[in-house]
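Subject: Structure for you to look at

Hello,

Please find the structure we talked about below. Have it open while you read the notes.

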Amino acid sequence: MSPKRRILIADDDPDILAMLSLRLLKAGYDVVKAAEGSLVLALVRETKPDLVILDYFLPNVKGDEICLQIKADSALRAIPVILLSASTAALPPETVHAIPTDDRLTKPFDISILLEKIRLLLPAESAG
Amino acid sequence: MRFDKDSLWYPGIGFAVAGLLLAFGQRALNRYSQGMQRSALWVEHTYDVIRTIESLSSAVSRASANRRAYQITGEPSYILEHRHSAADAHSALAALRDLTRDSAFQQKNVLRLEDLVGARLSVMDDLLKAQARGGLDPRKSASLMARARTLDTRIHGLLTSMTRYEEGVLQLRAEEGQIGYRRTRILQYALTMASGLIILVILLRLSKEIADRQKKELDLRNSTVLMEVVIEGSSDSVFVKDAESRYLMMNTSGAKMIGRPLDGIIGKTDSELFSPETFARLKASDQEIIQSGRPKVYEYSVALPAGTKTFQSSKAPYRDPQGKIVGVIGIARDVTAQKAAEEKLQEAAQIKADFAAMVSHELRTPLTAIKLVIDMIVDRTLGPVNEEQNSALVTAQRSIDRLSRLINETLDFQKLESGKMEFRVSEADVNRLVQEVVISFEPVAKGRSITLLTNVAKDLPKVRCDKDKITQVVTNLLSNALKFTAGPITVSTAMDGSDVRVSVKDSGPGVSPEDQTRLFQSFVQLEGTRSIQGGTGLGLAISKKIIERHDGKIGIQSKVGDGATFFFTLPVDRSA
């Protein structure tokens with residue numbers, strides 16, 4: 001049996017965090033939750049997830065900063081990052097588009113679309 | 001009132017000519033009067049000659065008479081008288097000779113007269129001598145008498161002809177004098193009238209010029225007064241500075257703006273009126289105007305006793321009549337209030353933008369959670385769901401989607417309104433874009449048994465546009481069409497002049513002309529749409545703004561009962 005894939009979800013809204021992680025668990029993934037920006041990077045290093053789902057508007061450290069840090073770290077660079085954003089209206093578009101995520105989704109989103117994106121981004125399971 | 005030398009040349013010449021004419025006239029008159037004088041002298045002379053002739057004649061007669069008297073009476077006194085008379089005759093002759101010196105003709109006559117008179121007197125002498133000797137032989141005396149008579153006749157004839165000659169000459173002179181007089185008078189009148197006319201014309205023109213100049217001066221004074229009224233009446237500051245930024249002139253409003261009396265400003269420079277920083281800025285802008293020779297508008301924040309105020313100052317070069325720049329003219333306006341208002345507006349706009357962003361974020365977050373939950377239940381992740389439950393939840397999903405769209409559209413609309421919507425332009429294949437949207441709607445259309453047809457033009461040129469936004473517009477039009485109709489919908493592309501045209505034609509109830517004008521306004525929904533799928537009323541308004549930002553046009557062609565064709569155009573050669 002192939003090991004469960006681990007996904008780290010970072011969102012400051014408790015309901016979204018709870019429901020999304022429930023859905024992912026039901027989908028067969030292992031879930032790590034984070035509600036605060038400053039914890040995410042440490043948590044990523046510690047738990048080594050296969051994919052990270054980041055909300056943009058996190059307290060203390062914003063999603064874009066975290067994404068940059070992940071991608072700057074050679075040990076973590078390979079981890080795919082999906083950025084969720086409720087609104088980037090306050091930011092200039094160049095800033096938004098410059099964030100080096102592997103994919104992005106605006107809230108509210110279709111869960112089936114998110115699941116599909118996750119599937120596409122996760123590396124193929126090794127045989128055997 | 002001054003006259004410049006240019007305007008004085010012609011009256012000068014005119015007067016000179018008139019003067020010359022008068023001088024000629026006067027000269028003619030002088031010559032005439034000189035002529036008159038000469039004539040008078042001639043007349044006198046002629047009468048002198050005539051009188052002398054007469055006195056000669058009378059002297060000779062008296063000499064003869066005295067001789068005869070002596071002959072008869074023998075009185076010696078008669079001989080004395082005779083001698084007196086003879087002497088008179090000689091002096092008369094001498095006088096005549098003298099008088100007729102200028103006439104060769106008369107001189108000849110006088111010479112002959114001398115001979116004749118001399119001969120007559122000698123006859124008298126002979127007779128006297130004979131008488132003194134005791135009597136004369138009657139025959140001798142008879143021949144002497146005869147000779148005397150002949151001589152008398154000839155003398156008399158000569159004297160007469162000489163007199164007539166003199167009278168003739170006199171007559172001639174008189175006639176000449178008359179003609180000369182007439183001519184002179186005519187000339188004099190002509191010249192006087194000519195010069196009079198010239199003077200009159202000059203005077204008329206001069207008086208007209210004086211009147212013109214007076215009017216011009218009056219007009220100038222009036223327009224000067226008007227200018228002064230305008231400058232003084234302006235609520236803006238109007239001022240003039242020289243090249244050293246010294247105030248030459250300022251109106252009352254300007255003095256009030258600075259907060260000083262006018263006499264405390266005129267003649268002073270900005271260094272004496274404002275702080276060093278303000279002075280430096282004002283001087284710099286004055287110098288810029290003087291160097292460049294071009295007008296410019298400046299804005300300054302100045303600390304005044306009444307508080308810090310912002311001024312907008314339009315400055316221009318002040319040129320002297322030769323065109324050399326000698327200072328600066330300016331109009332300054334207190335825009336403090338306006339600037340404050342502008343800042344408030346900008347603040348408000350920023351608040352609005354921030355608010356919209358915040359609100360949409362706040363609204364989207366719980367909506368995300370709700371959607372996650374409902375979707376999760378509907379896709380049976382949390383266990384079985386019965387038919388009823390499923391139906392209910394699907395309804396909830398629709399509302400969630402609608403709410404989500406509403407939030408998106410509101411935010412889009414706000415961004416477009418405030419100009420903060422970013423457009424990412426690239427080359428787009430319109431046909432492909434349109435076909436993608438149609439494909440995405442196929443499930444919905446199939447579910448409602450509506451036929452979607454596409455009719456794309458071949459060889460449609462690529463268009464530079466924001467693909468996402470144009471897709472949004474096509475989606476909006478197609479979704480509207482699906483709301484309005486149960487029949488076929490045709491999406492087509494074509495060339496329209498130099499534009500690419502996309503049309504969505506439905507077979508619905510159509511839109512009346514009155515409704516057509518309201519369609520693209522925000523929050524307008526037409527009858528019959530709310531019941532079906534519900535719109536936000538912003539879709540078309542947003543589409544319109546997007547198309548207009550692309551320099552395109554959006555519109556509708558429709559007749560009630562005959563469906564509607566919504567279309568938009570995008571220019572092909574658009575310099576993005």
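This is a predicted model: local features need pLDDT of at least 70, side-chain atom pairs count only at pLDDT 80 or more; totals for chains, interfaces and linings use all residues.

Residues are numbered from 1 along each chain as its sequence is written, chains are lettered from A and ligands numbered from 1 in the order in which they are written, and side-chain values use heavy atoms, with hydrogens and water left out.

Where the chains meet

In contact (heavy atoms within 4.5 Å) are 21 residues of chain B and 20 residues of chain A. The size of an interface is often given as the accessible area lost when the parts come together. Here the buried area (accessible area, 1.4 Å probe, that two parts lose on being put together, summed over both) is about 1900 Å², with 74% of it on carbon and sulfur atoms. On the chain B side, B:H361, B:T368 and B:L372 lose the most area to chain A, together 27% of what that side buries.

The count between the two chains is 1 salt bridge, meaning a side-chain nitrogen of Lys or Arg within 4 Å of a carboxyl oxygen of Asp or Glu. A:R23 and B:D379 form a salt bridge, at 2.8 Å from N to O. Helices α8 (336-378) and α9 (387-417) of chain B each supply at least two residues of the side that touches chain A; helices (H or I, at least four residues) and strands (E, at least two) are DSSP runs, numbered from the N terminus. The most comes from α8(B), with 13 residues.

Strand β3 of chain A

Is β3(A) mostly covered or mostly open? Strand β3 (residues 51-55) is mostly covered, as 5 of its 5 residues are buried. Buried means under 20% relative accessible area, exposed over 50%, and partly exposed in between (1.4 Å probe, protein chains only). In a regular strand the side chains alternate between the two faces of the sheet. In β3(A), A:L51, A:I53 and A:D55 point one way, while A:V52 and A:L54 point the other way.

Strands pair if DSSP finds at least two bridges between them. Strand β1 (residues 6-10) of chain A runs parallel to β3(A), joined by 4 bridges, and A:L8 has A:V52 as its bridge partner. Strand β4 (residues 81-85) of chain A is also parallel to β3(A), again with 4 bridges; there A:L83 stands opposite A:L54.

Inside chain B

Chain B has 13 helices and 12 strands, and 39% of its 576 residues count as buried.

Over all chains, the structure holds 31 salt bridges. One of them joins B:D88 and B:R62, with the closest N and O atoms 3.3 Å apart. B:D88 lies in helix α2 (residues 76-99) and B:R62 in helix α1 (residues 5-73) of chain B, so the pair ties together parts that are 26 residues apart in sequence. B:D88 is partly exposed at 34% relative accessible area, and B:R62 is partly exposed at 37%.

B:E342 and B:K339 form another salt bridge, at 3.7 Å; both lie in α8(B), 3 residues apart, about one turn of the helix. In the salt bridge of B:R501 and B:D496 (3.1 Å, N to O), B:R501 is buried at 18% and B:D496 partly exposed at 33%. A network of salt bridges links B:K241, B:D270, B:D286 and B:K315.

Regards
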